[in-house]
Amino acid sequence: MWPLPPPDLDARTVYTTCISKARPAKVKQRLQELEGDIATAADEYEKAAASAALHNLQHLRKLPDGNDPNKNDNKKLTGCYTSRMARKGSVGRDIYNQLLKGARRGRCPLCGHGFANTLDHQLPKEKYPLLSVTPANLVPACMACNHAKGEASPASAEEQTLHPYFDDVTDHVWLAARLTVPPEPGVTFFVTPHPDWPTPLTERVQRHFDMFKLAKLYAAQVGTELAALNDYLRGKPYRAIVAELQDRAASYGNRNSWQAALYRALAATPWYVKSGYLNEWDD
Ligand SMILES: [Zn+2]
């Protein structure tokens, strides 16, 4: 997971921009009445996210069907996102684009691999309509990550996936890879939590890793990466190969990228350095 600076956007201003062209007048009036609730919810959201407590926002969930005193409030609010922010040409589309641009080098911060071409609601809008257009709740993401998360929302501290705007675990190398040797050579990626991490954080990182299927995603990249390496290493002495692999591992600024984890594992596996690199590596 790759941290991002939180968007420099005011939640109330974003909301009022999105509803500025709402029609008919009755709908607009109702959306205007909700402005205070939206601002309060955004405030609560930011405080909860900063203390890894998004599971404590259950009171912001939508009203159960049939008990909504103002009919269709939930739908009106989720529509603020789909029709008034995400839709091309809509009044909020510039804000949508600005949020997308927050992705570092266009990469999805949830997996660090895919192209960030959508916005993911950290707390899903279908369950939390008041947070439909809250900037801090909108994270640039790739399609696969957005889809993998779906409508999932945390019921406990441990169930929270990492939030790129509020969580930063880059001070510790938590992603590792392991090589398996013949008869079935392969690479497995896994989480190595810091022993001093509090239990909820350890569980959250693991949950994030599982939720976005990162083991599978990263393993699928290995074949192509190693095929190119095979020719390059052929015939080089043992020590030179180790040095090359270590250099490559160190060349990644993000120590928790799958490439850095892969090269660390290769350098530390004598079988690979001796002759394993000559193997065919399936995806
Ligand atoms: Zn992704």
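Predicted model: local features only at pLDDT ≥ 70, side-chain atom pairs only at ≥ 80, totals over all residues.
Local features need pLDDT of at least 70, side-chain atom pairs count only at pLDDT 80 or more, and totals for chains, interfaces and linings use all residues. Side-chain values use heavy atoms, without hydrogens and water, and residues are numbered from 1 along each chain as its sequence is written.

**View A. The two domains.** An automatic or database assignment divides the chain into domain 1 (11-152) and domain 2 (175-278). Their centres, taken over C-alpha atoms, are 36 Å apart.

**View B. The domain interface.** Eight residues of domain 1 are in contact (heavy atoms within 4.5 Å) with ten residues of domain 2.

**View C. The zinc site.** The zinc ion has as protein donors (N, O and S atoms within 2.8 Å of the metal, or 3.2 Å for Na, K and Ca) the SG atoms of Cys108, Cys111, Cys142 and Cys145, lying 2.3 Å from it. Along the chain, these donors follow the spacing C-x2-C-x30-C-x2-C. The arrangement is tetrahedral because the four donor atoms subtend angles of 105 to 114° around the zinc ion (four donors count as tetrahedral if all angles lie between 85 and 135 degrees).

How values were computed
Tetrahedral: all angles 85-135°; square planar, octahedral: opposite > 155°, others 65-115°.
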